[in-house]
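Please view the sequence and the structure together before reading on.

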Amino acid sequence: MEKNFLPIALNIADEKILIVGGGKSAWSKIQILKRFDAQVEVIALEVCDEIKESGIPYALKAYEKADLDGYLMVYSCSNNAEVDQQIVRDGKAAGVLVNIHDQPALCQFVSPAIHQQGDIRVAVSSNAKDVYASIRVRNEIRTFLESQNR
């Protein structure tokens, strides 16, 4: 079945969000989530220097089902198909929203391209089909909004 994602704005301030995986893609997700005051934690066998130096809590361990307890959502940046499939199953059973990095067919939600200007936030999504088109349109909107404030 083809995915049909609902664009929605969620208040994630002080919500616990788990990142499984500790590489550059995990670091990229962390930077976005911290803009919204989420309580991000990482579980990975290894973490990149940026995560180590960021102050984000992390555990050097393999993922297991119990790791999802208490989280609103989980992003898997594990680059491991077996782990990703397990996270999808576990997340569904636990009622935790799941995003598998670069695998929209496995995701319950996707992250849009976002522009924020004061209290105005614009999110552009392509239903997980063309991230570069979403970014291009977001940038066009940013240029327009910035031109209105001159």
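In which strand is the place of Gln 39? In this predicted model, Gln 39 lies in strand β2, which covers residues 39–44.

**Surroundings of Gln 39**

With a relative accessible area of 36%, Gln 39 is partly exposed, because that class lies between the limits of 20% for buried and 50% for exposed. Leaving aside residues up to four places away in sequence, Gln 39 touches Asp 14, Glu 15, Lys 16 and Ile 17. Two of these neighbours can be described further. The side chain of Asp 14 is joined to that of Gln 39 by a polar contact of 3.4 Å. Glu 15 is 24 residues from Gln 39 in sequence, yet their C-alpha atoms are 5.6 Å apart in space.

Ser 76 belongs to strand β4, formed by residues 73–76. Its relative accessibility is 1%, so Ser 76 counts as buried, the cut-off being under 20%. When residues up to four places away in sequence are not counted, Ser 76 is in contact with Val 20, Asp 84, Ile 87, Asn 99, Ile 100 and His 101.

The table sets out the accessibility of both residues.

| Residue | Relative accessibility | Class |
|---|---|---|
| Gln 39 | 36% | partly exposed |
| Ser 76 | 1% | buried |

**Domains**

The protein is divided into domain 1, spanning residues 16–106, and domain 2, spanning residues 113–148. Taken over C-alpha atoms, the centres of domain 1 and domain 2 are separated by 25 Å.

Notes:
Residues are numbered from 1 along each chain as its sequence is written. This is a predicted model: local features need pLDDT of at least 70, side-chain atom pairs count only at pLDDT 80 or more; totals for chains, interfaces and linings use all residues. Side-chain values use heavy atoms; hydrogens and water are left out. Domain bounds come from an automatic or database domain assignment. Helices (H or I, at least four residues) and strands (E, at least two) are DSSP runs, numbered from the N terminus. Buried means under 20% relative accessible area, exposed over 50%, partly exposed in between (1.4 Å probe, protein chains only). Contact means heavy atoms within 4.5 Å. A polar contact is a pair of N or O atoms within 3.5 Å; within protein, one must be able to donate a hydrogen and the other to accept it, and residues adjacent in sequence count only if both atoms are side-chain atoms.
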